[in-house]
Amino acid sequence: MAEIKFEITEHIGVLSESAKGWTKELNLVSWNDKPPKYDLREWSPDHEKMGKGITLSKEEMAKLKELL
């Protein structure tokens, strides 16, 4: 299985924190050297491990904001 390369280019904010210290965060993340996308998922305290999440383009994020 190929390794997934990622870089958090901008930390936007934390939505919540679990009892084990994992945080649900909104960040801009570059996956496999591609342009960064908005990313919502849980991260371990050291940001080495992550849970399942969703990525949104700038346009999708604008539409979500409009819907909310």
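Mentor: Start with the rule: a salt bridge is a side-chain nitrogen of Lys or Arg within 4 Å of a carboxyl oxygen of Asp or Glu. This is a predicted model, in which local features need pLDDT of at least 70 and side-chain atom pairs count only at pLDDT 80 or more, while totals for chains, interfaces and linings use all residues. Residues are numbered from 1 along each chain as its sequence is written, and side-chain values use heavy atoms, with hydrogens and water left out.

Trainee: What makes K63 and E66 a salt bridge?

Mentor: Their closest N and O atoms are 3.4 Å apart; the rule asks for within 4 Å, so the pair qualifies.

Trainee: Why are K63 and E66 separated by about one helical turn?

Mentor: Because they are three residues apart in helix α1, residues 58-67. Helices (H or I, at least four residues) and strands (E, at least two) are DSSP runs, numbered from the N terminus.

Trainee: Why is E66 called exposed?

Mentor: Buried means under 20% relative accessible area, exposed over 50%, and partly exposed in between, with a 1.4 Å probe and protein chains only. E66 has 59% relative accessibility, so it counts as exposed. K63 has a relative accessible area of 42%, so it is partly exposed.

Trainee: Which residue forms a salt bridge with K5?

Mentor: D33 does, with the closest N and O atoms 3.1 Å apart. The pair links distant parts of the chain, 28 residues apart: K5 is in the segment before β1 (6-17), and D33 is in the loop between β2 (23-31) and β3 (37-43).

Trainee: How do you know whether D33 is buried or exposed?

Mentor: Its relative accessible area is 59%, so D33 is exposed. K5, at 48%, is partly exposed.

Trainee: What makes D39 and R41 a salt bridge?

Mentor: Their side chains meet at 2.8 Å, N to O. D39 counts as buried because its relative accessibility is 0%. R41 is at 11%, so it counts as buried too.

Trainee: How many salt bridges does the rule give?

Mentor: Three.

Trainee: In what order do the elements run?

Mentor: From the N terminus on, β-β-β-β-α.
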